[in-house]
Amino acid sequence: MIVVTGATGTIGRALIEELGGEVRAVVRRAEQGEELGCGYVVGDLEQPTSIPLKPGDRLFLNSALWPGFIDAHMAVIDHARAANVAQVVTVSVRGVTSSSLLGFGMHGQVDEHLKASGVPWSILAPVGFMQNLAGDVDEEGRIFGSYGKGRVGYIDARDIAAVAAALLTHPIEADDTYELTGPTAPTYDEVAAELTRALGRTVRYLDLTVEEATAHLEKRGMPSQAAHDLAELMSQIGDGRWASTTTTVADILGREPRSLREFLGS
Ligand SMILES: NC(=O)c1ccc[n+]([C@@H]2O[C@H](COP(=O)([O-])OP(=O)(O)OC[C@H]3O[C@@H](n4cnc5c(N)ncnc54)[C@H](OP(=O)(O)O)[C@@H]3O)[C@@H](O)[C@H]2O)c1
């Protein structure tokens, strides 16, 4: 059985669709399972034993970031190990380590735990999702950031789901990390131009220093330390660490990942 956590999320919904009927979704409320229209169980990552796992099952482990993320994900990995699951496929972030800032560091810690767990693993390590871009545009048509001229190979989360589906249904691959990107890596000025074209109104990228971005995020209600770390993270991304694209999606799926223009037009 393929067991899918985070089933109601952006990747999860696309994955359920990719997999068809042969799946058990883990949802927090029965109505969510009914709405998904597939086999489901009500469970919570914070209560690992609420997720029924049997020897040979293949687990897709994903959720959003929250303060209990590290403990919950580690406990579910231990639960999967004890249940003798055949494989864990999970979603992290490209290039993170346990000492990365904010959620990136959380992922780095969980990744280390998974790699040491003894469970066969596949870590999907994408960069930013195209799905988030339009929501970053404010009422005045601006996107803020401290990315400078940095490039990011934005990916359509549906391509992440398609890769996950392939890894969960084909013979199990050796343990590996899959760095996933879209086909090109635009600058934020170029992203703004694509959004302008797609939304039919002018979108501008406003580049801020780390200090300016921190103040901007604080003004939006983010606590000071988190605001500073997020601004710093944006400037780290701007240093080019997400600028190269990979061929991983095409290598696994036999087709190119969706471009930003295709995504925005779909
Ligand atoms: N967004 C990006 O640009 C980006 C880039 C790289 C990596 N990532 C990573 O991608 C992941 C997010 O994927 P996504 O966008 O598909 O997620 P998402 O749309 O935010 O959905 C999160 C899913 O996790 C479920 N969930 C949250 N807490 C849970 C819990 N305690 N027990 C069970 N289920 C729980 C949610 O269920 P409910 O419906 O019940 O809330 C939902 O199904 C994160 O790890 C993030 O760091 C994101």
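Guide: Start at Asn-132. One of the polar atoms in its side chain lies 2.7 Å from a nitrogen atom of the ligand. Keep in mind that this is a predicted model. Next, find Asp-44. Here an N or O atom of the side chain is 2.9 Å from a nitrogen atom of the ligand. Then turn to Gln-32. Its side chain places a polar atom 3.1 Å from an oxygen atom of the ligand. Now consider cover. On its own, the ligand exposes 930 Å². The protein buries 80% of that area.

Widen the view to the shell. The ligand is surrounded by 24 residues. Asn-132 is among the closest, together with Thr-8, Ile-11, Arg-28 and His-107. What classes make up this shell? Eleven of its residues are nonpolar, eleven are polar and two are charged.

Now step back to the chain. It is divided into domain 1, covering 2–126, and domain 2, covering 128–155 + 182–243 + 258–266. In the contact between them, domain 1 supplies eight residues and domain 2 supplies twelve. The C-alpha centres of the two domains are 27 Å apart.

Together, domain 1 and domain 2 bury about 870 Å² between them. Of that buried area, 83% is on carbon and sulfur atoms. How many salt bridges are there between domain 1 and domain 2? The count is zero. For polar contact, the count between the two domains is one residue pair, with both residues at pLDDT 80 or more.

Technical notes:
Residues numbered from 1 in each chain as written. Predicted model: local features only at pLDDT ≥ 70, side-chain atom pairs only at ≥ 80, totals over all residues. Heavy atoms only, no water. Near = heavy atom within 4 Å. Polar contact = N/O pair within 3.5 Å; in protein donor to acceptor, adjacent residues only side chain to side chain. Areas by Shrake-Rupley, 256 points an atom, 1.4 Å probe, with all protein chains shown as cover. Nonpolar A, V, L, I, M, F, W, Y, C, P; charged D, E, K, R; others polar. Domains from an automatic or database assignment. Contact = heavy atoms within 4.5 Å. Buried area = accessible area lost by both parts, 1.4 Å probe. Salt bridge = Lys/Arg side-chain N within 4 Å of Asp/Glu carboxyl O.
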